[in-house]
Amino acid sequence: MTTPAPSSRQRWLVPVVVVVLSVTVGAGLLARELYRRPDQPADDTSAAIATPATSGSGEPAAADAVRMTDDARAHPQADAVRRVIETYFSAINNKQYQQWTSVVSAQRVAEQSLTTWKNGVRTTKDRDAVVYRIERGSGSSLRVLVGFTSVQNPEDAPPFFQEPCIKWRLVLPMVVEQGALKIDSIDKGPPPEHEKC
């Protein structure tokens, strides 16, 4: 008795499945290599955070200290970015408008008068700031991905999320003005990523 010859459709099914599977695995491995941070070993999936050392005399208090991931710390302007953000949070926590204006752009100062700013930060205390990534923007500008926790009276929280404790994650645009990095106005559009603590 002879067995019937397999149909041509069945004969091509196995090789096609093998090729598709191989291409998929290859593309996945390539994507992993392309999107892996340059300073991160291939088998390391953590995002280590180093806490900068702070001491007295003019340095921010520990609550205002900004931590950085290895990726952010590897950026050539990491120290300057960290100092600006620490000063920014210190100004908010200590209700020091003049200090705040020293690290934000002229446009941002124009958008928030002393009265508006003080009303906005009246009961706010920001802490646990982490810089996750620093990327180059257009020209000499930077885009800094920051996460932090904000604690305030619920009535002083943003109208769209009136909670006493909010974890924020947002991009702070930074520009160079008069030779110094400054935090520029936050991009307009939907509110930054946020969640209740």
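Two strands are said to pair if DSSP finds at least two bridges between them. Keep that in mind for the tour of this predicted model.

Stop 1: Select residues 165-177, which are strand E5, and residues 180-183, which are strand E6. The two strands run antiparallel and are joined by four bridges. Now pick out Val 175: across from it, in E6, you will find Lys 182. Follow the chain to the turn, where two residues separate E5 from E6 in the hairpin. Click on Gln 178 in this turn; its phi is positive, at about 50 degrees.

**Stop 2: Ser 141.** Where does Ser 141 lie? You will see it in the loop that links strand E3 (125-136) to strand E4 (142-151). Ser 141 counts as buried because its relative accessibility is 15%, and the cut-off for buried is under 20%. Show its side chain next: it reaches the backbone oxygen of Ser 138 at 2.7 Å.

**Stop 3: helix H1.** Move to residues 8-35, helix H1, and select Val 14 there. Is Val 14 buried or exposed? Val 14 is exposed, because its relative accessible area is 56% and exposed means over 50%.

Notes
Residues are numbered from 1 along each chain as its sequence is written. This is a predicted model: local features need pLDDT of at least 70, side-chain atom pairs count only at pLDDT 80 or more; totals for chains, interfaces and linings use all residues. Side-chain values use heavy atoms; hydrogens and water are left out. Buried means under 20% relative accessible area, exposed over 50%, partly exposed in between (1.4 Å probe, protein chains only). A polar contact is a pair of N or O atoms within 3.5 Å; within protein, one must be able to donate a hydrogen and the other to accept it, and residues adjacent in sequence count only if both atoms are side-chain atoms.
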